Amino acid sequence: MKYLDFISSKTQLYQLSVPFQLESGELLVGVQVAYRIWGKLNANRDNGVLICHALTGSADADDWWGDLFGSGKVFDPNQDFIVCSNILGSCYGTTGATSINPNTGKVYGGSFPRITIRDMVHLQAALLEYLDIQSLQLVIGGSLGGMQVLEWALLYPEKVRAIAPMAAPGRHSAWSIGLSEAQRQAIYIDPNWQGGNYTIDAPPVQGLAVARMMAMITYRYWESFTNRFGRQQDESNQFAIASYLQYQGQKLIERFDANTYITLTQAMDSHDVSWNRKDYQSVLQSIKQPTLVVSIDSDVLYPPGEQQELVDLIPHAQLGLLKSTHGHDAFLIDMGALNKMVVSFREEWEFFG
């Protein structure tokens, strides 16, 4: 595919023609990637912008980051060729636990292999090669997306001109791993779990709902919940915050899969930019791209100290502090402030670059 002329597209599918090797050495056959594109690839094929999504996100970045799209905004289809792909291991079109294993003819389910953040990035790179994108002006993403951004800078430095990791660490802490494990245990004790080999008719939805409830608490902040819910109760004398968390759990089980949740949270736990490289400090110091590290002052999942560490170690990094009462999810909520921050960063490095 040599020249693309789409202003926007519906979800498209790309299937690799060769086996895809995971970092573990295991091979996946018939890997498929779901992706969206916006804008037009220029003649030099160097105006690419890659969006990396978070844990339960999808390739539909214009849905969950819609306020960042448009003329003069972070993602300007008049200037950029914007790509967002569903990550490896997810359940929105890219190969994962809900896909058919071509070797068996059955759904992978609990047999889907463990993957890493680097595996996700290598698959994205294969997609960009197919799209004939030679250079990325910016790689950007929050949370799990931010982890991918950091790995892009390290795995493909020659392709990436600037990065913007948001609300993400350079490695998963004991705090974050512990929270992920508690969520997985909620799934494991569901009577329908069956080692991940559950059926479509009887998935472990209660365990997944509880996992989501736990996660939602870490995605927000004390002040956010206090201001919104306080000690309010509904007509059945249930606290409003309890009703809200139950609602969030129900919403997730209607669109997500338990094996996928296990796969992706384990991949997040494996995140450590220094793994099989040099020491942590040296690895971050090797990132040479202009870097905007976005931190959220009320983030309890990935506290601001983790982003400050990135700024201190990455040579050309600057800190963008997003002040918000919304906690970790502020990068999906306070989009006006985020847009100004990233647009300013892009204008600055493009001018001096």
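**Surface patch and pockets**

In this predicted model, Y221 is found in the loop that runs between α5 (205–219) and α6 (222–229). The relative accessibility of Y221 is 31%, and this residue therefore counts as partly exposed, a class that lies between buried, under 20%, and exposed, over 50%. Together with W222 and V300, Y221 forms a nonpolar patch on the surface, and the accessible area of these residues together is about 310 Å².

Open spaces in the protein were examined next. Rolling a probe the size of a water molecule over the atoms shows where empty space is left. The largest pocket holds about 620 Å³ of space. Its lining comprises 31 residues, among which T56, R212, Y219, R255 and L332 are the closest to the centre of the pocket. Two or more residues of this lining are given by each of the elements α4 (174–188), α5, α7 (240–253), α8 (258–269) and α11 (330–333). By residue class, the lining of the largest pocket divides into 14 nonpolar, 12 polar and five charged residues.

The second largest pocket has a volume of about 430 Å³, and 20 residues line this pocket, with V107, Y198, T199, I200 and D257 lying nearest its centre. The elements that give two or more residues to the lining of the second largest pocket are α5 and α8. In the lining of the second largest pocket, 12 residues are nonpolar, seven are polar and one is charged.

Key
Residues numbered from 1 in each chain as written. Predicted model: local features only at pLDDT ≥ 70, side-chain atom pairs only at ≥ 80, totals over all residues. Heavy atoms only, no water. Patch = residues over 30% accessible without salt bridge, like charges linked within 9 Å, V, L, I, M, F, W, Y side chains within 5 Å. Areas by Shrake-Rupley, 256 points an atom, 1.4 Å probe, with all protein chains shown as cover. Salt bridge = Lys/Arg side-chain N within 4 Å of Asp/Glu carboxyl O. Helix = DSSP H or I, 4+ residues; strand = E, 2+ residues; numbered from the N terminus. Buried < 20%, exposed > 50% of the residue type's maximum accessible area, 1.4 Å probe, protein only. 1 Å grid on protein atoms, 1.4 Å probe; cavity = no way out; pocket = protein on both sides within 12 Å on 5 of 7 lines; lining within 4 Å. Points joined across faces, edges and corners; volume = space filled by probe spheres on them. Nonpolar A, V, L, I, M, F, W, Y, C, P; charged D, E, K, R; others polar.
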